[in-house]
Amino acid sequence: MFKNLLEKYASPFALRRMGIMGMNKRNISYISRYNPRRLYPLVDNKLKTKQIALDAGVTVPELVGVIEFQHQVSHLWDLVKDWPGFCIKPAKGSGGKGIVVIERHDRTNFVKPSGKVETIGDLERHISNILAGLFSLGGKPDVALIEALINFDDVFEGFSYEGVPDTRVIVFKGFPVMAMMRLSTDASDGKANLHQGAVGVGLDINTGRAIRAVQFNLPVRYHPDTGRDLLELKVPYWEELLNLSSSCYEMSGLGYIGTDMVLDKRKGPMLLELNARPGLAIQTANAAGLVPRLKKIEKLGKKVTMSPEERVAFSRREFATEA
């Protein structure tokens, strides 16, 4: 994951001095310690996440319908016929696996962002695979969510290729500590997944401006498909987005989470999903380690009584990258 850093710094001790967090430290010192296992189902299941978000008044993509059983698969058309576009997701999937986005259809041809055409039969077979657990964590039986499409905000035009960009914010004890935007590419098949070739853009936690961009863990300046200068990226409604991310601490009860946010042109920032085991590539995108920021939060003590807005103000002040 940190190949480029390892090439520059000879030993793991140097990485430790930089505050780079590895998987073992993440799992033992933060996930196991701050995330009660009984709460994992709330975030490992996208349907449950959506339910607790709605209960908390958090904006999420609209739910078109849910298919739980095989005999319901044939009713897919009835669910989607009045929606010009929609997204099919496995409730227990991870890493973007099993997600199918349909931008438009003419009742016969269902067009994906890549231009590839699917039939209703193709989509029904895909949902059958979801129910069988083909894309779920551990291969367990799953359910399929059909969601309304997010209205892509024009401010990100050219920064992403055939997909909606999302913003990952690591939230520790309610404090946003590091952020990046994930931009889909041709290599990532239109999905915002860094391991599949999406671009990760490190963001200044204070301003939401790009500070660095990477693809396959190597620095890049321009989007590989659109040619857009990635350092021109700035996320609008940044304070609102951070406040929403921070509030997911109270909503979920989890102390160390990755919040995935999207920006809808009409509804503004909304929560896409939560991750109780967020990856570590965000450090590469920011060229910074998580450990010093996490330790600063821990030094505040156990009895911190701040509102989400107060926690965001603290993080923006303490973890700003730009002068």
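The dialogue below covers strands, salt bridges, a charge patch and backbone angles in one predicted model.

Student: Which conventions apply to this model?

Tutor: The model is predicted; local features need pLDDT of at least 70, side-chain atom pairs count only at pLDDT 80 or more, and totals for chains, interfaces and linings use all residues. Residues are numbered from 1 along each chain as its sequence is written, and side-chain values use heavy atoms, with hydrogens and water left out.

Student: How should I read strand pairing, and what is the order of the open sheet formed by three strands?

Tutor: Strands of a sheet pair through backbone hydrogen bonds, in either a parallel or an antiparallel way. Helices (H or I, at least four residues) and strands (E, at least two) are DSSP runs, numbered from the N terminus. Two strands count as paired if DSSP finds at least two bridges between them. In this model, three strands make an open sheet in the order E4-E5-E6, with antiparallel pairing. Strand E4 (104-105) and strand E6 (117-118) are the edge strands, each pairing on one side only. E4 is joined to strand E5 (residues 110-111) by two bridges, and His 105 has Phe 110 in E5 as its bridge partner.

Student: Which strands pair with E2?

Tutor: E2 pairs with strand E3 (residues 100-102) in the antiparallel sense over three bridges. Five bridges join E2 to strand E7 (residues 144-148), again antiparallel.

Student: Is E2 mostly covered or uncovered?

Tutor: Burial is read from relative accessible area: buried means under 20%, exposed over 50%, and partly exposed in between (1.4 Å probe, protein chains only). E2 is mostly covered, with five of its five residues buried. Phe 86, Ile 88 and Pro 90 point one way from the strand, Cys 87 and Lys 89 the other way, and all are buried. Pro 90, in strand E2 (residues 86-90), counts as buried because its relative accessibility is 1%. Pro 90 and Leu 131 are 41 residues apart in sequence and 8.0 Å apart in space, C-alpha to C-alpha.

Student: How many salt bridges does the structure hold?

Tutor: Side chains of opposite charge can pair when their charged atoms come close. The criterion used here is a side-chain nitrogen of Lys or Arg within 4 Å of a carboxyl oxygen of Asp or Glu. The structure holds 18 salt bridges. One of them links the side chains of Lys 116 and Glu 118 at 3.9 Å, N to O. Lys 116 is partly exposed at 48% relative accessible area, whereas Glu 118 counts as buried at 12%.

Student: What does the salt bridge between Glu 318 and Lys 296 tie together?

Tutor: The side chains of Glu 318 and Lys 296 meet at 3.1 Å, N to O. Glu 318 lies in helix H11 (residues 308-318) and Lys 296 in helix H10 (residues 291-298), so the pair ties together parts that are 22 residues apart in sequence. Glu 318 is partly exposed at 33%, and Lys 296 counts as partly exposed at 35%. Glu 318 also forms a salt bridge with Arg 317 (3.6 Å, N to O); Arg 317 is exposed, with a relative accessible area of 55%. Elsewhere, Asp 166, Arg 168, Arg 182 and Asp 260 are linked in a salt-bridge network.

Student: Which residues gather in a patch of positive charge on the surface?

Tutor: Patches are made of residues with over 30% relative accessible area and no salt bridge; like charges are joined within 9 Å, and nonpolar side chains (Val, Leu, Ile, Met, Phe, Trp, Tyr) within 5 Å. Accessible areas come from the Shrake-Rupley method with a 1.4 Å probe, and for residues only the protein chains shown count as cover. Lys and Arg count as positive and Asp and Glu as negative, while His and the chain ends are not counted. A charge is placed at NZ of Lys, CZ of Arg, CG of Asp or CD of Glu. The positive patch here consists of Arg 16, Lys 25, Lys 295 and Lys 299. Lys 25 is found in helix H3 (residues 23-34) and is partly exposed at 32% relative accessible area.

Student: Where is Glu 162, a residue with a positive phi although it is not a glycine?

Tutor: Most residues other than glycine have a negative phi. Glu 162 has a positive phi of about 55° and sits in the loop between E7 and strand E8 (166-172). Lys 173 likewise has a positive phi of about 55°; it lies in the loop between E8 and strand E9 (175-183). Glu 162 is partly exposed at 27%, whereas Lys 173 counts as buried at 15%.
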